[in-house]
Amino acid sequence: MFTRKTKASFCAGAALSALLMPAAAIAETLPMALDDQIVRTQVEDIVVTGSRLAGAARMTTVENINQTQLQAAGISDLSQITRLVGANSGSENLIDQLNNPQSSGTAQFNLRNLGLGSTLVLVDGQRWTNSAVVATDGSAFVDINSLIPTIALERVEVVKDGASAIYGSDAVAGVVNFITRRDVTAPEMRAKYAFTDGSDESVIEAIGGLDLLDGRLTLAASHFHRSALGSDERDFTQAERYGRAAWTAVTSYGQPGSYFRPSTNAYVADADCENPVFVGSYRNSPSDSFCRLDYSDFFDLTPEETRTQLFADYRKTIGDTDVWAQAAWASTFTRARQSPSLPILSRTLTIGQDHPDNPYGEDVLFRGRLKGGASGASAAEFDYETWRIAGGADGKLNDNWNWSFSATASRQDVDYSKPDVVGSALQNALNGFGGAGCDITTGTAGVGPCSYYNPFGSALTGTGTANSQALIDSLTGWTRLRGSAELFTLDAQIDGRAHEWDGGSLDLAAGLQYRRNAFRHDWSDQVNSGDLLTAGFAPDFDGTQDTYAAFAEARLLLGQNIEAQFAARYETYDGSSGKLSPKLALRWDATEALALRGSWGRGYRAPSVYTTRGAQAAQPSVLDRGSYVFVNTLTSGNPDLEPETSEHISLGAIWKPVRGLELSVDAWRFDYSNLVIKEAPQPIIDQAAADDAAGLTGTEAQKRVTRSSSGSISMVQLYFINASSIETSGLDLSARYSRPLLDGTVSASATWTLVDQYDIRVDGRGPSVSGVGSTNLNTLGRSLPENRGEFGVSWQNDRHGLTGLVHYTSGYNNDRAGITDTTIASQTTADIYYSYNVSDTLELGVGVMNIADKAPPLAQFFLAYDPIVADPRGRVVSLNLSKRF
């Protein structure tokens, strides 16, 4: 069932227990009064996620993150919570226009690295809409940046077990439930300012409660701003530091550019390429035929971001019925820098021999971009608006049975804009018919309002025709997307005590759910027509998906020591035949100190609206003919996609040798098959090249790779397909301990996640490839270090609080094609946070994240680090003020 390494890791859990036994011995001497105090503290930490029956969650592996942990880790916005969860890997949070160009400003969970859409995100047990954008691989996800103000958060509960039988198809990998505060008796306000070398961030937030119409209304608001941290602010991102190696942020599409001469059947670099006036332009050697561009200075490691959020929660009792309503709104603006202009990818442009600045005496093909390094960075802008309303009621049918009903409606809109070059306008300008006032049907090339665009270096050196700003503006278009994602849900449930007998009881829950998802993308006319030279072609689309579900859950108590959970959920979507997701869980309290638990279940995940009906244009980096290039790809949706299926199993133990000390170990395994993936372009390009070399024509791969007359790739056609499977297993270890010390309480905690198997079959039938300890750039996964650990120790009394955290990530390998060093080193960073209660209502705090100011481990990516795993900011210092009125 589990691999040999997993079994060996149980021994590691035993070793961890042994190391903590001295502390346990000390705890045996604790006064009984303190023991009682610890018990009361633990009772207050009630877990409600993982079951529809109160108390049944004891059988589920749940990790809790509270406000104290968030402050100690220097977390200002919810996106950073993902780094505190060891079971999470492969999220895209501090993302940039180089690595994740279509989803800047969003963040998401990715439990067990099973995909951004395989983790269900809830707020107080209720669903939230998907983001209006998707990740580069086509994954739809819930944007956790858009949820609620941090001050309104009580805790986060992470279910690290498959939960499709309880919550639905998109809970394959687990559930993250954001629990809000409901007991705010007095207004509170928090302010925080944090800074690192080159960037800063600030947040101000408030929460309060008031009695209204015989009910209780809680209101919260926050405003967050972070300035950009540019790649030019960090030495480790600079291509020159690594000799402008091919794996760094360099390109053969420069400005000035390179020109293909038919008379020599070869490219030649612009004669002025290495003139100092051209920032970042260079050649690898005097014989290099390309004028290249070092663009490592032009990107944001963390983009500029501004977010405003509002949240309201109302609760009221009317007779025997409790009613509630929630409303939330968020507005996020992100501005992310990128290269001065984008490379010309989708077509080949011709410079005629009669162009007044053409020095070659023949028609040549242009390889480059509209603007070079001297123009400075351009920027993409993302404007998100998210709203959600939810409400419901619950009450008693009789002494034993309860009922509940709820409804939610939520939506996210995005307005995304990025500058690009209009292909037809640039070709006209190369022919002398450029400029907003030029009429190509009546004008004369290079005369009056009609101008030549000069792509050669002579435009800036003063030896040729200069390009006016008005001309440049007339050649610039916009990749603009207006999109939306919507969700509407209805839930109805009854639950209660079905039967009770001496030494046992049976509790039941049953219910129905309806969900309607909608997704829409509306691109600019220039993207629809394919007239932008980098964005390529993308059609508009919209679609909906209706899902109906019926579910039931039973909780069986046998005496005081044995508890069992049975759950089943049947879901059908858009007229499909439907799928049944069962789950069985069992807990046995073998002694007062030792509990054993296990669970098994099956689940499935319906293909998203986007992968069945959408279309995605993207420009990934590939290795073509020995050089890294960005290429245009179009991935088309597939209405015949089948659901993904999964099976999970977990076995665990909880040991409380003394009061105040808790040790746990859980072994887990997921078999995830028939995954919907976006095809990777590299294998198709490689196969087409192999077919060319073999003298073949008209093969499937050759049909899907389009090349220009100069040999450059102009388009690769991709599809969303059911193809892959993942088998992953591992081990979760945790320990918690608390005792009095120096007129206060000292607490320690440790969590460790080991992934010992992550086997990927790309075609579902062929041999498996291990993704453990790999960046997984050539597979469907994301970066997956084998080990992650989080350690914390804190001391607190009525006035002072001091918390230290240590984060560990093991080393792993880079599977990017064509690199010279595949190793990525491990990293250990430490945080510290000190708080001082000036009075009962005023608290001051100071924190330092990454105390040693460690740079990310070197990885042969474009900017020399792995943005999926590492934080590029270095040391971050924060100042905090909390005031209760």
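Reader: Is phenylalanine 382 buried or exposed?

Author: Happy to start there, with the reminder that this is a predicted model. A residue counts as buried when its relative accessible area is under 20%. Phenylalanine 382 has 0% relative accessibility, so it is buried.

Reader: Which residue forms an aromatic pair with phenylalanine 382?

Author: The structure holds 23 aromatic pairs. In one of them, phenylalanine 382 joins tyrosine 384. Planes under 30 degrees apart count as stacked, and here the angle is 15°, with 6.2 Å centre to centre, so the pair is stacked. Tyrosine 384 is buried as well, at 2% relative accessibility.

Reader: Why is the pair of tyrosine 416 and tryptophan 523 edge-to-face?

Author: Look at the planes again: over 60 degrees apart counts as edge-to-face. The rings of tyrosine 416 and tryptophan 523 have planes at 80° and centres 6.4 Å apart, so they fall in that class.

Reader: Which strands hold tyrosine 416 and tryptophan 523?

Author: Tyrosine 416 belongs to strand β21 (residues 401–421) and tryptophan 523 to strand β23 (residues 504–523), so their pair ties together parts that are 107 residues apart in sequence. Tyrosine 416 is buried, with a relative accessible area of 4%, and tryptophan 523 is buried at 8%.

Reader: Which residues do ring pairs link into a cluster?

Author: Tyr259, Tyr360, Phe366 and Phe456 are linked that way.

Reader: And where does the charged end of arginine 52 sit?

Author: For this feature, check the charge against the ring centre. The charged end of arginine 52 is over the ring of phenylalanine 551, 4.2 Å from its centre. Arginine 112 lies over the face of tryptophan 668, with 3.9 Å to the ring centre.

Methods
Residues numbered from 1 in each chain as written. Predicted model: local features only at pLDDT ≥ 70, side-chain atom pairs only at ≥ 80, totals over all residues. Heavy atoms only, no water. Phe/Tyr/Trp six-rings, centres within 6.5 Å; stacked < 30°, edge-to-face > 60°. Buried < 20%, exposed > 50% of the residue type's maximum accessible area, 1.4 Å probe, protein only. Helix = DSSP H or I, 4+ residues; strand = E, 2+ residues; numbered from the N terminus. Lys NZ or Arg CZ within 6 Å of the ring centre and 35° of its normal.
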